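Hi,

Here is the structure I promised to pass on. Have a look at it first, and my notes follow below.

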Amino acid sequence: MPKISGANVAEHRERTYRSLLDAVEALIQEQGFDAVSMRDIAERAGVSRTAIYNYAPDKMALLEASVERTAAALHTALTEAVLEPGRSAPDRLEAVMRVLLTFAHSAQNLLMLRAAHATLDRTQHKKMISGYQDEIGKHLRALILQGIADGDY
């Protein structure tokens with residue numbers, strides 16, 4: 001029987017899934033999407049070749065989940081920067097720019113997203129991240145309008 005890596009089965013499954021996503025992201029960075037196999041991902045994540053299929057039917061599903069995870073992390077960081085209370089609009093806009101620059105400098109995330117753009121169906125990819133883009137766009141517009149109303153811009 002396989003060893004459980006968490007306090008319970010649910011935690012074990014979550015850790016394993018995170019390991020699979022981490023593995024696919026690292027392997028894409030190292031080898032490119034086309035060169036990565038499910039066997040490579042399973043080996044990097046420390047799971048058996050058959051166990052990986054309990055989490056994803058193929059590497060495309062893992063890539064999609066990785067893109068979603070990255071987009072969600074970026075969304076969270078941007079939302080926190082935009083909505084940070086007690087700071088002026090220019091200070092919050094600067095915080096947004098820092099988040100974007102930090103994300104852009106993360107080679108792993110950037111390469112993974114580049115691979116996704118080249119590999120995922122454009123409609124599917126747009127659907128995955130457009131909700132985040134729309135929400136952040138609304139926040140940024142409000143932030144800029146607030147800065148104008150406050151006389152900061």
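What percentage of the residues of the protein count as buried? Out of 153 residues, 35% do. Bear in mind while reading that this is a predicted model.

The overall layout is quick to tell. Among contacts with a separation of 6 or more, 63% are between residues 24 or more positions apart. The accessible surface comes to about 9200 Å², and carbon and sulfur atoms account for 55% of that.

Now for the inside. The largest nonpolar core has 19 residues, and the ones touching the most other members are Leu 20, Ile 41, Ile 52 and Leu 62. Helices H1, H2 and H3 are the elements that each give two or more residues to this core, with H1 giving the most, at six residues. As background, nonpolar side chains tend to be buried together in soluble globular proteins.

H2 deserves a look of its own. This helix spans residues 38-45, and its buried residues are Met 38, Ile 41, Ala 42 and Ala 45. Viewed down the axis of H2, these buried residues fall within an arc of 95°, so they line one face of the helix. They pack against H1 and H3 (59-83). Just after H2 comes Gly 46, with a positive phi of about 80°.

Is Thr 16 buried or exposed? Thr 16 counts as buried because its relative accessible area is 7%, under the 20% cut-off. Beyond its neighbours within four places in sequence, Thr 16 is in contact with Val 47 and Tyr 55.

Ile 144, Leu 145, Ile 148 and Tyr 153 make a nonpolar surface patch of about 390 Å². Of these, Ile 148 lies in H6 (residues 122-149), and its relative accessibility of 48% makes Ile 148 partly exposed.

Best wishes

Definitions and conventions
Residues are numbered from 1 along each chain as its sequence is written. This is a predicted model: local features need pLDDT of at least 70, side-chain atom pairs count only at pLDDT 80 or more; totals for chains, interfaces and linings use all residues. Side-chain values use heavy atoms; hydrogens and water are left out. Buried means under 20% relative accessible area, exposed over 50%, partly exposed in between (1.4 Å probe, protein chains only). Contact means heavy atoms within 4.5 Å. Patches are made of residues with over 30% relative accessible area and no salt bridge: like charges are joined within 9 Å, nonpolar side chains (Val, Leu, Ile, Met, Phe, Trp, Tyr) within 5 Å. Accessible areas come from the Shrake-Rupley method with a 1.4 Å probe; for residues, only the protein chains shown count as cover. A salt bridge is a side-chain nitrogen of Lys or Arg within 4 Å of a carboxyl oxygen of Asp or Glu. Helices (H or I, at least four residues) and strands (E, at least two) are DSSP runs, numbered from the N terminus. The arc is that of the directions from the helix axis to the C-beta atoms. A nonpolar core is a set of buried Ala, Val, Leu, Ile, Met, Phe, Trp, Tyr and Cys residues joined through side-chain atoms within 4.5 Å.
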